[in-house]
Amino acid sequence: MVAGSISHEIESPVEAKRLWNAFVKDGHNLLPKQVPEIFSSITLLEGDGGVGSIRQINFTPANEEFSYVKERVDEADEEKLVYRYSHVEGGMLGKKLASAKYEFKYTPKPNGGTVCSSVFYYDSLPGVPNDEAKIKEIKEMGTALFKKIDDYLIANPAAYS
């Protein structure tokens, strides 16, 4: 088993609280509407969306590697704008990964806008090689997804205020 992490930072002109509201508080509604080519649905299975809640993300056939993933909310700190969750089923668990955890921080910039930092922590299954091309692809997909929601928020300044 190999433990690793992938870090990524993206800057946005959108204020941190709006990004938090869009991605964390209403992502289950917003992502399938704004990125229907990737997300077919996001359903809360247990809890109220806070710590301990379980949600299932269903992907379209565009995601060839897996059709769904279940996530457990580990932390949702609205004051610090930090969101952490773990995969508990589906995705690459049992295929290439033994565990997968994510952390997102929305940090306001002094002159406006936000720095969104993300870290993906993982333990790969024995014998699974480190794939630099896949790491690059994950970062590019994350950037494209973020940019799509960022563009929506810029075009709709009253949304998630």
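Guide: Let us start with the crossing of H1 and H3, which is right-handed.

Visitor: What makes the crossing of H1 and H3 right-handed or left-handed?

Guide: The crossing of H1 and H3 is of the right-handed kind. A word on the source: this is a predicted model, where local features need pLDDT of at least 70, side-chain atom pairs count only at pLDDT 80 or more, and totals for chains, interfaces and linings use all residues. Residues are numbered from 1 along each chain as its sequence is written, and side-chain values use heavy atoms, with hydrogens and water left out.

Visitor: Why is H1 called oblique to H3?

Guide: Helix H1 covers residues 16-25 and helix H3 residues 132-155; they pack at about 120 degrees, with axes 11 Å apart. That angle makes H1 oblique to H3. The classes are: under 35 degrees roughly parallel, over 145 roughly antiparallel, 65 to 115 roughly perpendicular, the rest oblique. Axes are lines fitted to C-alpha atoms, for helices over the stretch in contact, and angles run from 0 to 180 degrees between N-to-C directions.

Visitor: Which residues of H1 and H3 meet?

Guide: From H1 come Arg18, Leu19, Ala22 and Phe23; from H3 come Phe146, Ile149, Asp150 and Leu153. They divide into six nonpolar, no polar and two charged. Here Ala, Val, Leu, Ile, Met, Phe, Trp, Tyr, Cys and Pro count as nonpolar, Asp, Glu, Lys and Arg as charged, and the others, Gly among them, as polar. Contact means heavy atoms within 4.5 Å.

Visitor: How do you know whether H1 and H2 are roughly parallel or roughly perpendicular?

Guide: H1 and H2 pack at about 85 degrees, with their axes 6 Å apart. They are therefore roughly perpendicular to each other. Ala22, Phe23, Val24 and Lys25 of H1 make the contact with Gly27, His28, Leu30 and Leu31 of H2. This contact of H1 with H2 has five nonpolar, two polar and one charged.

Visitor: Why is H1 said to be largely enclosed by the rest of the structure?

Guide: Eight of its ten residues are buried, so H1 is largely enclosed. Buried means under 20% relative accessible area, exposed over 50%, partly exposed in between (1.4 Å probe, protein chains only). The buried residues of H1 are Ala16, Arg18, Leu19, Trp20, Asn21, Ala22, Phe23 and Val24.

Visitor: What covers the buried residues of H2?

Guide: The cover includes H1, strand S2 (39-46) and H3. Helix H2 spans residues 27-34, and its Gly27, Leu30, Leu31 and Pro32 are buried.

Visitor: What does the secondary structure of the protein chain come to?

Guide: It comes to three helices and seven strands. From the N terminus on, the order is β-α-α-β-β-β-β-β-β-α. Helices (H or I, at least four residues) and strands (E, at least two) are DSSP runs, numbered from the N terminus.

Visitor: How do you know that the radius of gyration agrees with a compact globule?

Guide: With 161 residues, such a globule would have a radius near 15 Å; the protein chain has 16 Å, which agrees. The radius is taken over C-alpha atoms, and the rule is 2.2 Å times the number of residues to the power 0.38.

Visitor: Is Leu81 buried or exposed, and why?

Guide: Its relative accessibility is 7%, so Leu81 counts as buried. Leu81 lies in the loop between strand S4 (68-77) and strand S5 (82-90). Its phi is near 55 degrees, a positive value in a residue other than glycine. Most residues other than glycine have a negative phi.

Visitor: Why does Tyr160 count as partly exposed?

Guide: Tyr160 has 22% relative accessibility, so partly exposed is its class. Tyr160 is found in the segment after H3. Its phi is positive too, about 65 degrees, although Tyr160 is not a glycine.

Visitor: What is Lys139 in contact with, leaving aside neighbours within four places in sequence?

Guide: Ile6, Ser7 and His8. Lys139 is found in helix H3. Its relative accessible area is 29%, so Lys139 is partly exposed.

Methods. A crossing is left-handed if the near helix is turned anticlockwise from the far one by less than a right angle, and right-handed if clockwise.
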